[in-house]
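Subject: Handover of the two-chain model

Hello,

Here is the structure I said I would pass on. Please open it before reading further.

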Amino acid sequence: MDAPTKHNSNARGSGPGEGGEEVTRATILPKGPGNEDPTAATLIPLNAPVAVPVESAPTGRVSSGSPAMASGIEAIREGRPFEPRIHKEVAQHEPVVRAEKFDLFYSGKQALHGINMDFPRNKVTALIGPSGCGKSTLLRSINRLNDLVDGVRTQGEIFINNLPVYAPDVDVIDLRKRIGMVFQKSNPFPMSIFENVVYPLRIDGERRKGVLAEACEKSLRAAALWDEVKDRLKDSALALSGGQQQRLCIARAISAEPEVLLMDEPCSALDPIATLKIEELIHDIAGRYTVIIVTHNMHQAARVSDFTAFMYLGRLVEYGKTAAIFQRPQLPETEQYVTGRFG
Amino acid sequence: MGQLTQPNPVIAPVDVANHQGGSRPLLGARLGSPKSRATPLSARGEPVVWLTGMAMSICIVMIVALLGITVYQGSRTFWPKPIDTLVMTDGRVVMGMPMATEHFVPQESDRAAIEKLKADAAGFIPGAFDAQGRPVRTLYRIGNKEIRGEPFEWIELYKVKSTRRDPEATLLERNNNWGLWIGVAERVERRVKPAEGSGSPVITTLAAAEKGKGLWRSIAPLHGEASDRRGQIAVLSKGEVGEINQRLERERQDFEQAKLAAARAKAGMGPAFGAGVWWAWLVMAVGLAAVAAVMTRRLIQMADRPGSVTPTRRLVVSACWVVAIGAALVAVLERPSSASMSEQELAALETRYKAKSDELNAAYQSVLDRIKEIDARDAEVRLIVRDAESGRFAPTTSTAPDEPMRLSSVVRWVEPNQLTFAGKVGVYLDRWREFVFDEPRNTNTEGGIFPVIFGTVLLTLLLSVLVVPLGVIAALYMREYAKQGVMISVVRICVNNLAGVPSIVYGVFGLGFFCYTLGAYIDRGPMPEMVVSRFAWWAGAIGLGMVVVFAVAMGLYGRPKPGREATRTQKWLMLLSALTWLAAAAGVVGLLVGTPYFHGFYEYRPAATFGTRGLLWAALTLSLLTLPVVIVATEEAIAAVPRTMREGSYGCGASKWQTIRRIVLPRAMPGIMTGMILAMARGAGEVAPLMLVGAVKLAPELLVSKSPPFLHLENSFMHLGFHIFDVGFQSPDSEAARPLVWTTTLVLVCIVLFLNLAAIRIRAKLRSKYIGGAF
């Protein structure tokens, strides 16, 4: 027996809370005579020995050094249905954002496949996965930023506080006002620091100076930027350093008290010190906001998030408490990814 | 390393060992022979550096040469030149200022005389022949056009017996359209005619020239008085007479307006707005602009919130707008006529008008009398400066007998041979002051160019005010709203090709469309045969309203749901909507052309006011001409706004318009300024279309006045580019005017440079504010 298997079995046996007794794993039987129906997924109890015969494809458990792909990865690559593993801890929290069978197509090419996910309230949820796995697309689907791209079509629904995002009569502007977003590259607007922070309020028609100033100070303090810029609020935001700009963008995103804060690889363009500051910041605001963060950096995901979802090629693979995902993943696919063996 | 033996291991560091022995063979082995590893020339790139440097040098040399010649020639024009007195071998005496010298090929008949002269080696002044022995001639500016006919003369120097520079030689710059007068000043005298008008006048000498000193010192105060008299006459004839004329004209206008309104009321027609109620036009324009702004804002808000407002609700709103506009139209156009006055009232009005105009005419007469009185006093003071050759004075007309000129006709008195360096500088600066701040004289060959500068600057500013909003709006639509497809590519290619259309074509279009169509409509209203009856017009207006609502409806129901593809039906509906909007635009034009309510801004005025060439039309024509520049620059600038910035704005919940207004436009502002700078430079330097749509040879009145509407953009104007053409090539005295071409060019270059520098400064500020150094 090799290490992953041992690990997995250890995890399963570690306690009743962690156990995957009722968690099932879906694996599609290979196409073959008598098994043409792709929906005929066979549900196998996880603790049952996985002995699905797979033609010429290596199974998740490989005996020797060269790491082979787990069977789920193969299934996803070949476009076969795949049932994600969602830990039961996720369901114990009240969801703020819920995706239901959400598909997204970029001019005919499917980028998201039937995402079913709940994002718990006032927790930090990290989306991890290799490039092109659709984590950013999923994130941008939540505030309908993908509408700006030509040729995007969606199916299924996303709910925010039980309100459908993709209903025909939804007010996209209003929707986006309830969701803050921080981007990969810091994008301060060409205006003063003050105006940057209060931008969401301004476009909402807020003109009272007192309200604006208060919101500005509050957001900047929350973003740990107040002390650095309080004397030059009227200066151009473009003169700030990269890390300061990103914190400014976070301050802007939270200035309108959003229900959800989306972060799309917020640290990928920053140096380690600035990254550390942002991570501390996320940690600080975690209790007050529902944060969904996309990251390439698994250490970062492990450090800042409460829950982690692993995605691959537009599908959710495994979703659970961060500690569980990184230390005791229930799927070999996840384990292979978090241990850096593919992706 | 082991095989190396160090003589002194204490001093010898390790790297010395490496250099001495260890690594050298290795290095040689890796590089091989240096010859085979030489970098090819194509990879090194030096030739390209030389080539680009050379090309740039050529460009710089050409530009510097052009600017250098302009600056050199332009700045030396006003430097006072000495006056030479030449005594010719045939006894003539010529006074003049040397302008240019060249050698020439003498005529066959003169050759023998020249050879004989040269053989004598005497009898000619030095410099009469050049180093190669060729005869030399000099162009002298001899002035005195009244008696000479030709103010310039080429003088062969071998025919000159002697030259000298008389201190009394005097150069007079005059305001009597004859140009310079060069001669020897004698005296200033007062000639008082006897009261009966018969008999010779009584002459008293006021000042006389002393030998070797000239006259100026003793007559400077007299000249000051004369200039004052001239100034008084100018103020009276321009200011007061002009004001009285304007008031007369306004009284007449008001009366004619009342008469017309009465006639219209009698004929059962609605009242009309005339030019007399210019403030009503202003209020109407501001009101229309405000309504348009509010409507646009409302529409934008609705377009931004697709979900919260249903198509039906929006339809209702647009129908409400149509009804509101219709009601406003009815209220204004079908208002109860106040002009239905009785015959008696009209008669009373006429009496009042007559009395008023009599009063004004009397005032006019008294001003004329004052002018005459001052003029008579002015005519008494005469200046005697004799032509050196003939001893004549300047005749006032070519047929009248010689009579000394008035002292007041002298604008500037220069005795160049007596001037010190400081004095020359003084004359030079004074001539520049006159050039920049005064009106032109003597068919533009003398005096200043202030109206020309004013016209050019006003045109350029108006042009940029017109072209920038138009170009920015067009570029915004093309880049932000239009679907990037075949259609928009075709439009873009067309816009770019517009930049290549010869500017004269724009001039022809401007003359035909702006002056003779739009301007004529403003002047006279629609053509009588096009005017429809009130009933038909209102039917058309209601039809147009319905067409607009229909177009809005098609657009609303044809819009696909967000995140969904448009269905076939929706596509057809959108096409139908676009076509209906086009029809609506045509309908608006039709309603304007057929309106029975507009009788022209200047209906009763015989001469065309807007329907002729003017600054407004010139600015509009030039804005069409420069539109492609602004559109292209703005599009580039908008496209250069980072996508992340837009997404950030959308992510904050901003609508498209809010993103454009708060993020895209500020960020694109420096680029838009670049477009504006290019447009301004092009517009300020353009001549061909202006010749057709507004620039004229002489329009000394500035386009601003004290009477409403204060800015008279419908008047024709003077333009530096056209002025250069006119002075250089259309002038009756092109030799005299040529130096002014250089100075005018210099001024034009300076103005363009100044306008550009101002714009560049603003752009730099915007750039540091909106783009910053962070990216």
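Below is what was found, chain by chain and then contact by contact.

One caution before the details: this is a predicted model.

**The two chains**

Start with chain A. Its secondary structure comes to 14 helices and 13 strands. Chain A has 343 residues, and 55% of them count as buried. Its accessible surface is about 14600 Å², with 52% belonging to carbon and sulfur atoms. Take the contacts in chain A between residues at least 6 apart in sequence: 69% of these join residues at least 24 apart.

Now chain B. Here the secondary structure comes to 22 helices and 13 strands. Chain B has 775 residues, of which 39% are buried. Its accessible surface comes to about 42100 Å², and carbon and sulfur atoms account for 65% of that. Among chain B contacts between residues at least 6 apart in sequence, 73% join residues at least 24 apart.

Thr312(B) and Ala684(B) are 372 residues apart along the chain, and their C-alpha atoms are separated by 51 Å. Thr312(B) sits in helix α9, residues 311–333 of chain B. With a relative accessibility of 47%, Thr312(B) counts as partly exposed.

**Where the chains meet**

On the chain A side, Pro190(A), Ile203(A) and Leu238(A) lose the most area to chain B. Together they make up 20% of what that side buries.

Polar links across the contact can be listed briefly. There are four residue pairs in polar contact between chain A and chain B, counting pairs with both residues at pLDDT 80 or more. The salt bridge count between the chains is one. Arg140(A) forms a salt bridge with Glu647(B), and their closest N and O atoms are 2.8 Å apart.

**Loops in chain A**

- Ser186(A) lies in the loop between β9 (179–182) and α6 (193–197) of chain A. Its relative accessibility is 12%, so Ser186(A) counts as buried. The side chains of Ser186(A) and Gln245(A) are joined by a polar contact of 3.1 Å.
- Arg144(A) is in the loop between α4 (135–142) and β7 of chain A. Its phi is near 55°, a positive value in a residue other than glycine. Arg144(A) counts as buried, at 1% relative accessibility.
- Asn162(A) is in the loop between β7 and β8 (163–164) of chain A. Its phi is also positive, about 70°, although Asn162(A) is not a glycine. Asn162(A) is exposed, with a relative accessible area of 58%.

**Salt bridges**

Over all chains, a search of the whole structure finds 46 salt bridges. Here are some of them.

In chain A, Lys218(A) pairs with Glu257(A), with the closest N and O atoms 2.5 Å apart. Lys218(A) lies in helix α8 (209–222) and Glu257(A) in the loop between α10 and β10 (260–264), so the pair ties together parts 39 residues apart in sequence. Glu257(A) is partly exposed, at a relative accessible area of 45%.

In chain B, Arg111(B) forms a salt bridge with Glu108(B), at 3.3 Å between the closest N and O atoms. Why are these two about one helical turn apart? Because they are three residues apart in helix α5 (108–120) of chain B. Arg111(B) is partly exposed at 33% relative accessibility, whereas Glu108(B) is exposed at 61%.

Glu350(B) and Lys354(B) form another salt bridge, with the closest N and O atoms 3.5 Å apart. Both lie in helix α10 (343–380) of chain B, four residues apart, about one turn of the helix. Glu350(B) is partly exposed at 35%, and Lys354(B) is partly exposed at 46%. Elsewhere, salt bridges that share partners join a set of residues into one network, among them Glu173(B), Arg412(B), Asp430(B) and Glu446(B).

Best wishes

Terms used
Residues numbered from 1 in each chain as written. Chains lettered and ligands numbered in written order. Heavy atoms only, no water. Buried area = accessible area lost by both parts, 1.4 Å probe. Salt bridge = Lys/Arg side-chain N within 4 Å of Asp/Glu carboxyl O. Polar contact = N/O pair within 3.5 Å; in protein donor to acceptor, adjacent residues only side chain to side chain. Buried < 20%, exposed > 50% of the residue type's maximum accessible area, 1.4 Å probe, protein only. Contact = heavy atoms within 4.5 Å. Areas by Shrake-Rupley, 256 points an atom, 1.4 Å probe, with all protein chains shown as cover.
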